[in-house]
Amino acid sequence: MKVSTSGFNSQPEEAGEKKSLNSELWHACAGPLVSLPHVGTRVVYFPQGHSEQVAASTNKEINGHIPSYPGLPPQLICQLHNVTMDADVETDEVYAQMTLQPLTPQEQKDVCLLPAELGTLSKQPSNYFCKTLTASDTSTHGGFSVPRRAAEKVFPPLDYSQQPPVQELIGKDLHGNEWKFRHIFRG
């Protein structure tokens, strides 16, 4: 596969640049219908649709002005150079930021590898437990309930020689904050 390098800055990440989220965590939050293309694949970019999406997500449509680029083709064949998975700090909504480079007409004619030849796609994890915490989960008993099947499938095994069986779990949220939980079996 020929990778286009014209106009692409391939400098390493600078210190302080935000790292991509853990792929399994990102995909668990994004849901089972979301998949991302591999770096190096060709994608079609729709500039007008992107402008409309940005305007809608930043509430710019209130002014009634969505940028239009009449000299730009309605779609561009591009090569994907980078994908950064992230989450909005305020809403926890996950999104992906992609670095694209438009291909020249000659590069568009060149042979390119099929996605299957580039390796496996990042995907949603097969074993995970998801729970939205509510006010009742912070009640006086100091914990929240997890269905036994989910605990046995996802958490490390408990040491049943202890009474009661207990372990400390440390999890990270979308923003890298660590949360400590005491996993205890009651029943």
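These are my notebook entries on a predicted model of one protein chain.

**Entry 1: the chain as a whole**

I began with the secondary structure. I found four helices and five strands in the chain. Read from the N terminus, the order of elements is α-β-α-β-β-α-α-β-β. Next I looked up burial. Of the 187 residues, 22% are buried. The accessible surface of the chain is about 13900 Å². Carbon and sulfur atoms account for 54% of that area. I also checked contact range. I took contacts between residues at least 6 apart in sequence, and 60% of these join residues at least 24 apart.

**Entry 2: Phe 46 and Pro 47**

I then turned to the end of β1. Phe 46 sits in the loop between β1 (42–45) and α2 (47–57). Pro 47 belongs to helix α2. Is Pro 47 buried or exposed? Pro 47 has 6% relative accessibility, so I log it as buried. Phe 46 has a relative accessible area of 47%, so it goes down as partly exposed.

I listed partners for both, skipping residues up to four places away in sequence. Phe 46 touches Pro 74 and Gln 75. Pro 47 is in contact with Leu 72, Pro 73, Pro 74, Gln 75 and Leu 76. From Phe 46 the distance is 8.6 Å, across 27 residues of sequence. From Pro 47 it is 8.2 Å, across 26 residues.

Gln 101 is in strand β3. I log Gln 101 as buried because its relative accessibility is 7%, under the 20% limit.

The loop came next. Glu 90 lies in the loop between β2 (76–87) and β3 (94–102). Asp 92 is in the loop between β2 and β3 as well. Glu 90 has 78% relative accessibility, so it counts as exposed. Asp 92 has 40%, so it counts as partly exposed.

Which residues form the negative surface patch? I wrote down Asp 88, Glu 90, Asp 92 and Glu 93.

I also checked the backbone of Asp 92. Its phi is near 65 degrees, a positive value in a residue other than glycine. For most residues other than glycine, phi is negative.

**Entry 3: Tyr 128**

I picked Tyr 128 from the loop between α3 (105–109) and α4 (148–154). Its relative accessibility is 36%, so I class Tyr 128 as partly exposed. Which residues does Tyr 128 contact, leaving aside neighbours within four places in sequence? I found Ala 28 and Val 154. I also took the distance from Tyr 128 to Ala 150. The C-alpha atoms are 7.8 Å apart in space, and the residues are 22 apart in sequence.

How many salt bridges does a search of the whole structure find? The search returned one. It pairs Arg 148 with Glu 152. The closest N and O atoms are 2.7 Å apart. Both Arg 148 and Glu 152 lie in helix α4. They are four residues apart, about one turn of the helix. Glu 152 has a relative accessible area of 48%, so I note it as partly exposed.

**Entry 4: the cis peptide bond**

I went through the omega angles. The bond from Gln 163 to Pro 164 is cis, with omega near -5 degrees. Most peptide bonds are trans. Pro 164 is in the loop between α4 and β4 (166–172).

**Entry 5: a nonpolar patch**

Leu 133, Trp 179 and Phe 181 form it. Together they have about 300 Å² of accessible area. I followed up on Trp 179. It is found in strand β5 (residues 178–184). Why does Trp 179 count as partly exposed? The reason is its relative accessible area of 47%, as partly exposed covers the range between the buried limit of 20% and the exposed limit of 50%.

Methods. Residues numbered from 1 in each chain as written. Predicted model: local features only at pLDDT ≥ 70, side-chain atom pairs only at ≥ 80, totals over all residues. Heavy atoms only, no water. Patch = residues over 30% accessible without salt bridge, like charges linked within 9 Å, V, L, I, M, F, W, Y side chains within 5 Å. Areas by Shrake-Rupley, 256 points an atom, 1.4 Å probe, with all protein chains shown as cover. Salt bridge = Lys/Arg side-chain N within 4 Å of Asp/Glu carboxyl O. Lys, Arg positive; Asp, Glu negative; His and termini not counted. Charge placed at Lys NZ, Arg CZ, Asp CG, Glu CD. Helix = DSSP H or I, 4+ residues; strand = E, 2+ residues; numbered from the N terminus. Buried < 20%, exposed > 50% of the residue type's maximum accessible area, 1.4 Å probe, protein only. Contact = heavy atoms within 4.5 Å.
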